[in-house]
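Thanks for coming. Please have a look at it on the screen.

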Amino acid sequence: MKPHPKIRKVAKWAAAMFSSLLVLLWAGSAWWETGWYRDSGLNFYVHAGKLRGSAYDTEHLWDGRGEWYIERADRRFEWWFDVNPNGGMWNVGIPLWLFALPALLGTAAAFRLDTLAGVRARGAKCSHCGYDRSATPAKANCPECGTPKNRSRPNE
Ligand SMILES: [Zn+2]
């Protein structure tokens with residue numbers, strides 16, 4: 001079954017919102033750093049173009065309640081991964097564009113699908129008089145006005 005046109009529209013705008021947020025987060029991380037800070041265990045934060053996870057003590061990852069923080073970034077923007085195993089302290093940076101890029105591609109695909117579906121829906125109607133041709137053979141002239149097969153239909 002084909003997805004309902006409404007769902008396609010909602011999906012494409014939801015995808016657009018989601019990828020915009022990711023791009024904003026990525027770009028914003030050049031100036032601002034935000035994350036979840038725990039004294040001893042696992043920390044997650046976004047800064048300098050990356051999502052970072054670090055653990056000072058790998059034995060007690062979930063210890064400590066931690067808290068959200070946001071502050072001015074003090075690191076230079078980076079584009080690529082980094083991994084720093086440092087004794088018991090792990091520190092892994094994953095570039096945020098790695099998340100933003102597939103989201104943007106997915107958004108482009110969602111918009112393309114919606115556009116194609118629109119073209120198909122119009123293709124089922126006569127381009128001249130709007131007669132519903134869905135029961136008419138593709139090569140036949142319009143039974144209403146005699147216009148030769150639909151010119152707006154792709155690949156024909
Ligand atoms: Zn017609």
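Two strands count as paired if DSSP finds at least two bridges between them. Helices (H or I, at least four residues) and strands (E, at least two) are DSSP runs, numbered from the N terminus. This is a predicted model: local features need pLDDT of at least 70, side-chain atom pairs count only at pLDDT 80 or more, and totals for chains, interfaces and linings use all residues. Residues are numbered from 1 along each chain as its sequence is written.

The protein chain has two helices and six strands. From the N terminus, the order of elements is α-β-β-β-β-β-β-α.

The six strands make an open sheet in the order 4-1-2-3-6-5, with antiparallel pairing. At the edges are strand 4 (67–72) and strand 5 (82–83), each of which pairs on one side only.

Strand 1 (residues 32–37) and strand 2 (residues 42–47) run antiparallel and are joined by three bridges. They form a hairpin, with four residues between them. G35 has Y45 of strand 2 as its bridge partner.

Strand 2 is also joined to strand 3 (residues 50–55), by six bridges, and these two run antiparallel. This hairpin has two residues between its strands, and A48 in the turn has a positive phi of about 50°. Across the pair, L42 stands opposite A55, and F44 stands opposite G53.

Next, the helices. Helix 1 (residues 5–28) packs with helix 2 (residues 97–123) at an angle of about 155°, their axes being 8 Å apart. Axes are lines fitted to C-alpha atoms, for helices over the stretch in contact, and angles run from 0 to 180 degrees between N-to-C directions. The two helices are therefore roughly antiparallel, a term for angles over 145 degrees.

On the helix 1 side the contact includes F18, L22 and W26, and on the helix 2 side W97, F99 and F111 are among the residues. Contact here means C-beta atoms, placed from the backbone, within 7 Å. By class, the contact has 17 nonpolar, three polar and four charged residues.

What about overall dimensions? The C-alpha atoms of the protein chain fill a box of roughly 80 × 30 × 25 Å along the principal axes. The chain has a radius of gyration of 26 Å, whereas a compact globule of 156 residues would have one near 15 Å. That radius is taken over C-alpha atoms, and the globule rule is 2.2 Å times the number of residues to the power 0.38.

Key
Angles under 35 degrees count as roughly parallel, over 145 as roughly antiparallel, 65 to 115 as roughly perpendicular and the rest as oblique. Two residues are in contact if their C-beta atoms, placed from the backbone, lie within 7 Å. Ala, Val, Leu, Ile, Met, Phe, Trp, Tyr, Cys and Pro count as nonpolar, Asp, Glu, Lys and Arg as charged, and the others, Gly among them, as polar.
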